[in-house]
Amino acid sequence: MKNRKRATSFSLVMPLLFGASISVADIAIVVNPKVNLIHVNAKQVSKVYLGKSNRIDGVFVDPIDQHEGEIIRDKFYSSVINKTGSQLNSYWSKLIFTGKGMPPDRAANDDEVLDIVSDEPSRIGYIDVESVDDRVKVILVIESLAPLL
């Protein structure tokens, strides 16, 4: 336990020593309020966003992504999918080339995700927890700790 605390403290301090700041932003996984999902886990969300599944607990979901370069997108993929942008591009390139899948549609920002998810009951998306409003239902919150360089 001491080593884990020490490692966590070290990972929080290192970016500060090198002039970076730490950004803690919770990511909300959201669905339409009419969807019969209450809580999901990160593994289920990962499978949906990697095209390995289109159902969570028997409910059909269609993921909406955010555009490359959006900070929330980078945090989502590093926290939930454990892939960098280049790893993700490589992953989808292989699936597209072999005809085994297509990446999720993309929204420009949190507001567009909110609009799409509230209008289309099968959609699932991710947004900054600060952007959540009553048009969507939060089914998972993921703490994202990422250095801003």
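Biologist: How many bridges join strand 4 to strand 5?

Modeller: This is a predicted model, in which local features need pLDDT of at least 70 and side-chain atom pairs count only at pLDDT 80 or more, while totals for chains, interfaces and linings use all residues. Residues are numbered from 1 along each chain as its sequence is written, and side-chain values use heavy atoms, without hydrogens and water. Strands (E, at least two residues) and helices (H or I, at least four) are DSSP runs numbered from the N terminus, and two strands pair if DSSP finds at least two bridges between them. Strand 4 and strand 5 (residues 105-107) run parallel, and the number of bridges joining them is three.

Biologist: Which residue is the bridge partner of Asp 65 in strand 5?

Modeller: Strand 4 also pairs with strand 6 (residues 123-128), in the parallel sense over two bridges. There, Asp 62 stands opposite Arg 123. In strand 5, Asp 65 has as its bridge partner Arg 106.

Biologist: Is strand 4 largely enclosed or largely open?

Modeller: Buried means under 20% relative accessible area, exposed over 50%, and partly exposed in between (1.4 Å probe, protein chains only). Four of the five residues of strand 4 (residues 62-66) are buried, so the strand is largely enclosed.

Biologist: What arc do the buried residues of helix 2 cover around the axis?

Modeller: In helix 2 (residues 42-49), the buried residues are Val 45, Ser 46, Val 48 and Tyr 49. They lie on the same side of helix 2, because the arc they cover around the axis is only 160 degrees. That arc is taken from the directions from the helix axis to the C-beta atoms, and its value is 160 degrees.
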